[in-house]
Amino acid sequence: MSESQSIQWFPGHMTKTKRQIEKTLKLVDAVAEIVDARVPVSSRNPILHKLIQGKPRVILLNKADMADPQQTARWIAYYKEKGITAIAVDCRSGKGMNQFIPTVRSVLKDKIASWERKGMVGRTIRVMVVGIPNVGKSSMINRLSKGSKAVVEDRPGVTRNNRWFTITKDFELLDTPGVLWPKFEDKTVGEHLAFTGAVKDAVVDVEQLAARLIETLRELYPNALTSRYKLDGLDLSAMQGYEILEAIGRSRGMLISGGEINTERAAIAVLDEFRGAKLGRITLEQVRA
Ligand code: G4P
């Protein structure tokens, strides 16, 4: 069972994570916030920005291998305008990860210079990795730590069981203390996280979900739908998502006895293929040019 399935989001749980992060922030020099490059807004924790105010930060637009590269570049420019450094990474293959440590060092360059002036040359840089479940935290940490085990430490004055990973002799990562929640009370956020599979299908109606995904794709990447599912000749703009889903089932020959379309099978196919980037590299939350 994945984390997102097993977690009960209740206020006590959120308060605890918030407190753990507040306390642990004192131990780190910077925060690495991982988001899903396909849904960079919905995959953020709603209070993190306020929580880490004043801490140097790097945003990792992860799963960039599945996101629209043009949009990822726009997101990086968008953050840059706000004074935040963002980088595109693929923590599964490791692509882009070689930028991570140099980027953190560059974000911290004034601090590092001031340490050096005080004689602390080569002082260890400590970074907290934060992100909502399924965004790729473990993949990122595993890749950087090359699978070496976490050192569980109880540094003075902090919560027990902070998981520290030594990456190089002067660079350490701390896994998120607690579990960060998404802004799940927002319908679009819930939907987008369900599209990407961050929220599991067990809790949603797959046909309804696929129909909504189809409507979203029709707005943003109509050609991806038409070419993948051979829908040429149909006026998608005049159809409901569910009707397009039926057309996809028909086009794929997904029929049940009596010639009826197996829309559930079609829905599962659309969701799986979107999540596997078979429809191409797609970003559902976009920065307008
Ligand atoms: P978490 O610790 O934040 O909860 O996330 P985790 O690293 O477990 O990643 C969640 C899923 O996302 C995993 O897939 C992982 O392989 C995948 N993933 C992480 N980073 C990337 C990336 O940059 N690109 C792509 N394409 N996928 C990524 P899974 O299906 O749950 O597991 P598995 O099939 O990899 O075993």
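**Aromatic pairs and the ligand shell**

A: Phenylalanine 100 and phenylalanine 171 are both buried. Keep in mind that this is a predicted model.

Q: How many aromatic pairs are there by the ring-centre rule?
A: The count comes to four aromatic pairs.

Q: Why is the pair of tyrosine 78 and tyrosine 79 called edge-to-face?
A: Their planes stand at 75°, with the ring centres 5.4 Å apart. An angle over 60 degrees counts as edge-to-face, so the pair gets that label.

Q: Is tyrosine 79 buried or exposed?
A: Tyrosine 79 is buried, at 2% relative accessible area. Tyrosine 78 is partly exposed, at 32%.

Q: Back to phenylalanine 100 and phenylalanine 171. What is the geometry of that aromatic pair?
A: Edge-to-face, with 6.0 Å centre to centre and 80° between the planes. Phenylalanine 100 is in helix H5 and phenylalanine 171 is in strand S7, so the pair ties together parts 71 residues apart in sequence.

Q: What sits over the ring of tryptophan 115?
A: The charged end of arginine 123, 3.8 Å from the ring centre.

Q: Now the ligand. How many residues surround it?
A: 16 residues, with Asp65, Asn134, Lys137, Ser138 and Ser139 the closest. They split into five nonpolar, five polar and six charged.

Q: Which helix gives the most to that shell?
A: Helix H7, residues 137-145, with three residues.

Q: Which polar side-chain atoms lie by an oxygen atom of the ligand?
A: One from asparagine 62 at 2.9 Å, and one from lysine 63 at 3.0 Å.

Q: How much of the ligand does the protein cover?
A: The protein covers 67% of the 710 Å² of accessible area that the ligand has on its own.

Notes: Residues are numbered from 1 along each chain as its sequence is written. This is a predicted model: local features need pLDDT of at least 70, side-chain atom pairs count only at pLDDT 80 or more; totals for chains, interfaces and linings use all residues. Side-chain values use heavy atoms; hydrogens and water are left out. Rings of Phe, Tyr and Trp (its six-membered ring) pair if their centres lie within 6.5 Å; planes under 30 degrees apart count as stacked, over 60 as edge-to-face and the rest as tilted. Buried means under 20% relative accessible area, exposed over 50%, partly exposed in between (1.4 Å probe, protein chains only). Helices (H or I, at least four residues) and strands (E, at least two) are DSSP runs, numbered from the N terminus. A charge sits over a ring if NZ of Lys or CZ of Arg is within 6 Å of the ring centre and within 35 degrees of the ring normal. A residue is near a molecule or strand if one of its heavy atoms lies within 4 Å of it. A polar contact is a pair of N or O atoms within 3.5 Å; within protein, one must be able to donate a hydrogen and the other to accept it, and residues adjacent in sequence count only if both atoms are side-chain atoms. Accessible areas come from the Shrake-Rupley method with a 1.4 Å probe; for residues, only the protein chains shown count as cover. Ala, Val, Leu, Ile, Met, Phe, Trp, Tyr, Cys and Pro count as nonpolar, Asp, Glu, Lys and Arg as charged, and the others, Gly among them, as polar.
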